[in-house]
Amino acid sequence: MNTPQTVKTIQLLVNGAQIEREVEVRTLLSTFLRDDLGLTGTHVACEHGVCGSCTILVDGRAVRSCLLLAVQTDGTSVETVEGLGSLGDLSPLQEAMWREHGLQCGFCTPGILMSIEGEARSGSSAEEICDEVLSGHVCRCTGYQNIRTAIHAYFATRHGS
Amino acid sequence: MRPGAFRYLAATSLDEVLENLSELGDEVTLLAGGQSLIPLMNLRLARPEVLVDLNRVPGLAGIDLVDGELRIGAMVRAADVASDPIVTGSLPALARAAAFIGHPQIRNRTTIGGNISHADPSSELPGVLAAFEGSVTLKSLRGERRVGWDEFIVSTFTNSREADELVVDVRFPVRPGWSFAYDEVAPRHGDYPLAGICAGVQISDGIVRGMRLVAVGVSDRPVVLTGVAQFALGRELDAATIKELGKVGREEVSANDDAHASSEYRKWLVGTLINRILGNLVLEQR
């Protein structure tokens, strides 16, 4: 029988790259991404699952990285906002958010992008994402209307391509 | 924020979980979806000594119909309860209730076994389990037992699981001829409900032959509104009766006072939800 440990070595894919790290088992996934891997695009605010800032994809599903332990991602594929696009090479969703002014300060944006990305891939409609998925995020700048517009614009490009 | 120190085991078999539970007992905290436990650990309100992670244990995530019951493995996610064709086909009220839990990003992790075991008085699924008079299956090295919802859910955050036991599935009896529905009122969609109602009715020749009504969010555990069901038996669910049933429910329930809503307001919500749900159920029957 395996015995419970305080430190564990994990292997996972992060934005497609194979990673192997030793982690304290109490390290949150959000902390691991930011402090151990330097992927500070994943933002952290409430740290108890309410605000949505730290949302990322684990095996394609949108989840709160502050409510997962890093050890739990052993053997999984993790995607963060760094995997979507980069300056000068925005993903279609990022492009839509930029064009439609779907952000102002940008703090909540990485989490929202990852949620939309995950739900769009799982087949949700633009309307479902606007109402259901966006309810899982707190944005204090935009009033959400421009984000909704951006979601529709993004879906228009998806169907157009 | 980060959790306090603990020891962690990603169990890979049911036996491994049960052996650890048997050996370490109360020291073990079981990690299912973690959507309530990890926030509590982040806030240091929970300080587990040993965390046994159930997410890699095979055999805990099935959904099937057996012996007239819908059996849902303890590790089935709320998102899957809400969308699984077996659930939506046989118990749509359960699927709908699961869709009220938090947000999609939370439901992608939340598990049915964890949710019911957590016994949050505001949680939807314990209320649905109560309305269906469902049960949970508990396993330990000593054996297996079935425990009805009424015995399992004791009070706020308290269930009757022994320290060496694991909830392996949750069972909802399928009741032919009955129609069930769930609805709730929350400050915002995704918040905990101020009050929620799961209702089931059996109607033949326009007359109520059976009724189960359960309220959540009003007390320390789901409350069965037997007075409303008694009143309804033998009656036709016309507009006047439905209105009266709302009133009976409002008077029968004793509801909590807290920062979110007064007792009086919660009672009105219970009445309003009864009116709304029964009205819709009658419309569906036509």
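**Figure 1. Strands β13 and β14 of chain B form an antiparallel pair.** In this predicted model, strand β13 (residues 207–216) of chain B and β14(B) pair over 2 bridges; two strands pair if DSSP finds at least two bridges between them. Helices (H or I, at least four residues) and strands (E, at least two) are DSSP runs, numbered from the N terminus. Opposite B:V223 in β14(B) stands B:A215. Helix α12 (residues 263–285) of chain B packs on the sheet and touches β11, β12 (195–204) and β13 of chain B. The direction of α12(B) makes about 35 degrees with that of β12(B); axes are lines fitted to C-alpha atoms, for helices over the stretch in contact, and angles run from 0 to 180 degrees between N-to-C directions. Two residues are in contact if their C-beta atoms, placed from the backbone, lie within 7 Å. The sheet is open, has 4 strands in the order β11-β12-β13-β14 (chain B), and its pairing is antiparallel. Its edge strands, β11 (178–185) and β14 (223–224) of chain B, each pair on one side only.

Residues are numbered from 1 along each chain as its sequence is written, while chains are lettered from A and ligands numbered from 1 in the order in which they are written. As the model is a predicted one, local features need pLDDT of at least 70 and side-chain atom pairs count only at pLDDT 80 or more, whereas totals for chains, interfaces and linings use all residues.

**Figure 2. Domain 2 of chain B meets domain 3 of chain B.** Chain B is assigned domain 1 (7–53), domain 2 (63–173) and domain 3 (178–285); domain bounds come from an automatic or database domain assignment. The centres of domain 2 and domain 3 of chain B, taken over C-alpha atoms, are separated by 21 Å. In the contact, 20 residues of domain 2 of chain B face 20 residues of domain 3 of chain B. On the domain 2 side, α5 (92–99), α8 and β8 (153–155) of chain B each supply at least two residues. The largest share, 6 residues, comes from α8(B). By class, the domain 2 side divides into 11 nonpolar, 7 polar and 2 charged residues. Ala, Val, Leu, Ile, Met, Phe, Trp, Tyr, Cys and Pro count as nonpolar, Asp, Glu, Lys and Arg as charged, and the others, Gly among them, as polar.

**Figure 3. Helix α8 of chain B is mostly covered.** A residue is buried if 20 or more other C-beta atoms lie within 10 Å of its own, exposed if 12 or fewer, and partly exposed in between, with C-beta atoms placed from the backbone. Among the buried residues of α8(B) are B:L125, B:V128 and B:L129. The helix is followed by B:E133, whose phi is positive, near 55 degrees.

Figure 4. Most residues other than glycine have a negative phi. A:H101 is partly exposed, with 14 other C-beta atoms within 10 Å. B:F157 is partly exposed, with 13 other C-beta atoms within 10 Å.

**Figure 5. Domain 1 of chain A touches domain 2 of chain A.** The assignment for chain A gives domain 1 (7–83) and domain 2 (92–160). Their centres, taken over C-alpha atoms, are 21 Å apart, and 14 residues of domain 1 are in contact with 14 residues of domain 2. On the domain 1 side, β3 (55–58) and β4 (61–64) of chain A are the elements that give two or more residues. The largest share, 3 residues, comes from β3(A). That side has 6 nonpolar, 7 polar and 1 charged residues.

**Figure 6. Chain B is in contact with chain A.** The contact takes 28 residues from chain B and 31 residues from chain A. On the chain B side, β1 (7–10), α1 (14–24), α2 (37–42), β3 (50–53) and α6 (104–107) of chain B each supply at least two residues. With 4 residues, β1(B) gives the most to that side.
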